[in-house]
Amino acid sequence: MTFVSEVISITFTGLFVVFIALILLITFIWLVGKINSNMLKKKEQKKDAKNNIKSTYTQKDLKNKTIDSSVLDKKTIAAITAAIVNYRGGDSSFKIRSIKPNNINIAWKIVGLAENTRQF
């Protein structure tokens, strides 16, 4: 009888360990999913906030490619001015009359697409 009781004891211990491991694994995967979904929600909120900023420009502004300084905040204008002063080597003898969007990122987009969509 001791052999049979050992077999039963080992069997139930093994089943217990396996089910505890499965429960821990399921809990870990659930937590990772929750963390990932929270991160995605934060990214979507940032993206929505960015889209709301972009939507403040009217179609007329985008068509004329000029954006009034009342639409942009003062920090953005200051950052653009500082970048121009830095680019010109400290020469601040200029005046910004308008800020126009530039589609220069199209070249980077083409390069990125070429690199990321190469055939194997």
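pLDDT is the predictor's confidence in each residue, on a scale from 0 to 100. Welcome to this predicted model, where local features need pLDDT of at least 70, side-chain atom pairs count only at pLDDT 80 or more, and totals for chains, interfaces and linings use all residues. Numbering starts from 1 along each chain as its sequence is written, and side-chain values use heavy atoms, with hydrogens and water left out.

**Confidence**
- The protein has an average pLDDT of 77, and 72% of the residues score at least 70.
- Among the elements, helix 1 (residues 2–54) has the highest mean pLDDT, 87, while helix 2 (residues 59–64) has the lowest, 54.
- Where pLDDT is low, the predicted coordinates should not be read in detail.

**Helices**
- The protein holds 4 helices and 0 strands, where helices (H or I, at least four residues) and strands (E, at least two) are DSSP runs numbered from the N terminus.
- Helix 3 (residues 74–87) reaches 20 Å from its first C-alpha to its last, close to the 20 Å expected for its 14 residues at 1.5 Å a residue, counted as 1.5 Å times one less than the number of residues.

**Burial**
- Of the 120 residues in the protein, 3% are buried (under 20% relative accessible area, with a 1.4 Å probe and protein chains only).

Definitions and conventions: Buried means under 20% relative accessible area, exposed over 50%, partly exposed in between (1.4 Å probe, protein chains only).
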